[in-house]
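Trainee: I'd like to learn how to read a few features of a protein model. Could we go through them together?

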Amino acid sequence: GSASSNLAAPSRAERKVREKRKKAATAITDIMDRNDDSSQNACNALYEEMANLLEERAKMRSLWAERAKDKVFKRMDFEYRPLPAPFVFEASAGSNEEDVGQSPLVGSSEGLQQLAENLRQWGKAYLSNNASDLPNIDESKQSGERKSEGDNANHSKSMAWEGWGSSEKKFGLEMQDPWARALLSGEKNVETRAYDLPPALVGEQLLILESKPGKAGVSSLGNVISSEDGIENYVRVLGHAVFNKVIEYKDRDSFEKDEKLHLVTRDSGYGWKEGKTKVIYGWVCSSMQLYPAPEVEAANVVALVRRMRSLYQVQPKRDELPHRKKTKKKKKKRKTADDIGSSNQGTQKGSGAGQKKKKRRF
């Protein structure tokens, strides 16, 4: 009695998830009951059919990726190029936002192809009842657990990733409090990292995403944060900064010599660790701006997607996206009083020789 009364009632979102699971279970049961050979039927109608659909989707994404590389798009003016699709893959939950679509599946064609192969392996294990037929999958990647850096290629892009240089993408850097404000106030001139800044982002404007204080060198954010999660509850879009070059500190002395620039003390968790640290990268800030209303700026973001370490791709709301340029119509030059007067003088002159009669149109 008392134990059950202390249990909290499920939220509306939880009830929706339960209803979806019930419907899915009913659909699967219906497929299983269609004939007597339920085991073989489940393998063919469930595992094989879903694997085929995933392979079909993988092929479509692969073809579209090749199509997007067509040089014709690069020759077109920016306002006429295809708009980026507002999709977020590998999301933990669905979203009711009209501006962005979410999917728990991977976004790459290779990832979908691998998932299709895994499904066939699961079907084989279902029929054989042999655990050795199951696909080899790391259990740490199961849903509900936050994936660590490097677990997923979608969230650990390389330095050479073409997306870094895309004019259609916007990126932000997660910085813990109080370092974000120190950078934007000019007190901190060099941001230190254990990794280099992608070359395509050198000299480009990065949003500064201020997160709550946490463990040094460890991101406190998930791989994907949507507006449904309440982005303003996790980060504040504090401002933006431009890093125009990167310094490589290859020894303790050179690193500690610039303490006044990066503000990292000897005993800090971000400091040089003898015997462990080989290089520390210093991102030199050349310009910055602190926004007056960081909470409002965060509310204008639909989703944050980790692309590499603490670098996130920022998906703004549709109203905040750069709009297609409108072609300006040439305005007719309005005649001034002087222009009208000079033209009248020519028509009011007598109809002498060489004067053409002005034809009237009816």
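Mentor: Gladly. A charge sits over a ring if NZ of Lys or CZ of Arg is within 6 Å of the ring centre and within 35 degrees of the ring normal. Before we apply that, note that this is a predicted model, where local features need pLDDT of at least 70, side-chain atom pairs count only at pLDDT 80 or more, and totals for chains, interfaces and linings use all residues. Residues are numbered from 1 along each chain as its sequence is written, and side-chain values use heavy atoms, with hydrogens and water left out.

Trainee: Which ring does the charged end of arginine 193 sit over?

Mentor: That of tryptophan 283, at 5.9 Å from the ring centre. Tryptophan 283 is also buried, with a relative accessible area of 0%; buried means under 20%, exposed over 50% and partly exposed in between, using a 1.4 Å probe and protein chains only.

Trainee: How do I read aromatic pairs?

Mentor: Rings of Phe, Tyr and Trp (its six-membered ring) pair if their centres lie within 6.5 Å; planes under 30 degrees apart count as stacked, over 60 as edge-to-face and the rest as tilted. The structure holds eight such pairs. One of them joins tryptophan 161 and phenylalanine 171, edge-to-face at 6.2 Å centre to centre with 80° between the planes. Phenylalanine 243 and tryptophan 283 form another edge-to-face pair, at 5.6 Å and 75°. Phenylalanine 243 lies in strand S7 and tryptophan 283 in strand S8 (residues 280–290), so this pair ties together parts that are 40 residues apart in sequence.

Trainee: How does S5 pair with S3 and S7?

Mentor: S3 (residues 170–176) runs parallel to S5, with five bridges, and glutamate 174 stands opposite leucine 209. S7 (residues 235–249) runs antiparallel to S5, joined by seven bridges; leucine 207 has histidine 240 as its bridge partner there. Six of the seven residues in S5 (residues 205–211) are buried.

How values were computed: Helix = DSSP H or I, 4+ residues; strand = E, 2+ residues; numbered from the N terminus. Pairing = 2+ DSSP bridges.
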